[in-house]
Structure formats: C-alpha cells, structure tokens
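Hi,

Here is the structure we talked about. Please open it first, then read on for what turned up.

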Amino acid sequence: MAKPISRRSFLTTGTKTAASIALAGLSGGELLAGCISTKSGRGTLQTGFDQTPLPYSYADLEPVIDTRTMEIHYSKHAAAYSTNLKEAAKAEGVAMNQPLETVLQQISKYSMKLRNNGGGHYNHELFWRCMHKGGTALETGQFRNALVQSFGSFEAFQTQLSDAGKNRFGSGWAWLYLDKDKQLRIGSTPNQDNPLMDLCDIKGTPLLGLDVWEHAYYLNYQNRRADYINNWWKVVNWNFVQGRYQVLV
Ligand code: MN
C-alpha cells in the first residue's frame, strides 16, 4: 500500500486536491484513509494505484509467454508504472483512495507522466487478469452471442483484434471494449493510452487488452509480433473477460 496522505500534505496541496475530491465525490476523511485496493475478480471493475500480485506464477503462461519475459514485464516494467503513477498522483494532488478509472476519465487535466503511468498501471493490472494458465474456455451464452453478433463470428472477432495489434505502429495496445451504447468494439491505442481516457480517440470500458509493446514478447519472438499475437489466444482468460461484460450490460 502507498502511504496514506498525511494531514499536513493534505492541507498544503490546496485547491487542486480539493478539486480532485469534489470531482471524485469523496470527503476529506475518505482521502485521508489512504488508497483503495484493486478489486478485479469476476464481476468487479475497480483498480487501485498499487501493483497487485500476479494471479499465477511467471512460468504459468509458458510456452506462449516465457518465464523471463513475464518476470521482467511484471517486476520491472509494470512495477515502474505503479511507482511513477503514485509519484505523479502525489505531486498533482490526485487522491489515491478513488478508483484509478475515475482519474483516467479526466486524464486530460493532468501531466503526461500521470497519463503514461496511470494508463500503464491500469493496462497491466487488466492484462495480467486477461490471461490464465492454459486459457479458460469461452462459454456459450450472452457474451459469446454478442461477440458473434458484433463481428460476424468468433473467428472474425479474433482476426479483427489480432489485426488491431499487428497494425499498431510502434508500442501500444489492442482492445475489445464496450462503448457508451453497450456495443462491443475493437480498437487500438498508442503507448499506454486506453479507451477510458477522455482524450482517447476510442472511448469505452476495456474488457480485454492485448499488450503489443516489444517488452511483452521480444525475448521469445524478437520481431515476430504476429506469432506472439496468434499464440496469445491460447492463454486468454475468457472467464474473466465475460465477467467484466456481464457487470456492464
Ligand atoms: Mn507491457
């Protein structure tokens, strides 16, 4: 857990902090209570500012994603996003006892450091949970039906999301997300942006995220991003993705 904001720093950070509290609908008492924790089980959608434990071991996604890549990705890259996010939040008077989602929805008010690291932390907390040892099966039912209805077939959906990742120039993400009309959409964002951000071209709630930064696959796949993406489907945790969908529709 990050250190709770002290009364002194609360009092001296001034109006920007007060504005954050007002925007988040939080009282000063709640602000002083410290940061919230991520609740990311089936049916919950709230992300905290701290990195949560990986829900499996580094080796569990072999051979799709190798152990060393998972270790560096989680313990170095993703850990740094959380650390730098908390540093930026503290500097900019952003209360850490509100869901990170709330901050991302108004990210245009804050610095590039908060945008990059807030997105980076959120995206990875989601990404880890979108995967599972050996993958989990996509059940027949409302969610699968919605995928088929939206994209033509399950295979067509996979092709479109894979293409979004393969065609992302440089670093970024491919997403399955739900837009404001509760329609399933596929899209891609650069760097650590995501569809929750008010300044993003695509807007909605991410259900499934695919990291196509080179750090996610380079040790095993080098320049072969397409091979990484094609294999990645074998470890998708459909149980988790479907749970997110069911909460929102
Ligand atoms: Mn990454």
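D211 is buried: its relative accessible area is 0%, under the 20% cut-off. Keep in mind that this is a predicted model.

D211 is also a metal ligand. The manganese ion is coordinated by D211 (OD) together with H73 (NE2), H124 (NE2) and H215 (NE2). The distances are 2.0 to 2.1 Å. Along the chain, these donors follow the spacing H-x50-H-x86-D-x3-H. Distant parts of the chain are linked here: H124 sits in helix 6 (residues 112-129) and D211 in strand 3 (residues 205-211), 87 residues apart. H124 has 1% relative accessibility, so H124 counts as buried too.

- Strand 1 (residues 172-178) and strand 2 (residues 184-190) are antiparallel, with 7 bridges. Y177 has R185 in strand 2 as its bridge partner.
- Strand 1 and strand 3 also run antiparallel, joined by 6 bridges. Here L178 stands opposite T205 in strand 3.

The hairpin of strand 1 and strand 2 has 5 residues between the strands. Look at K182 there: K182 takes a positive phi near 65°.

Best wishes

Note on methods:
Residues are numbered from 1 along each chain as its sequence is written. This is a predicted model: local features need pLDDT of at least 70, side-chain atom pairs count only at pLDDT 80 or more; totals for chains, interfaces and linings use all residues. Side-chain values use heavy atoms; hydrogens and water are left out. Two strands pair if DSSP finds at least two bridges between them. Helices (H or I, at least four residues) and strands (E, at least two) are DSSP runs, numbered from the N terminus. Donors are N, O and S atoms within 2.8 Å of the metal (3.2 Å for Na, K and Ca); water is not among the atoms, so sites may look incomplete. Buried means under 20% relative accessible area, exposed over 50%, partly exposed in between (1.4 Å probe, protein chains only).
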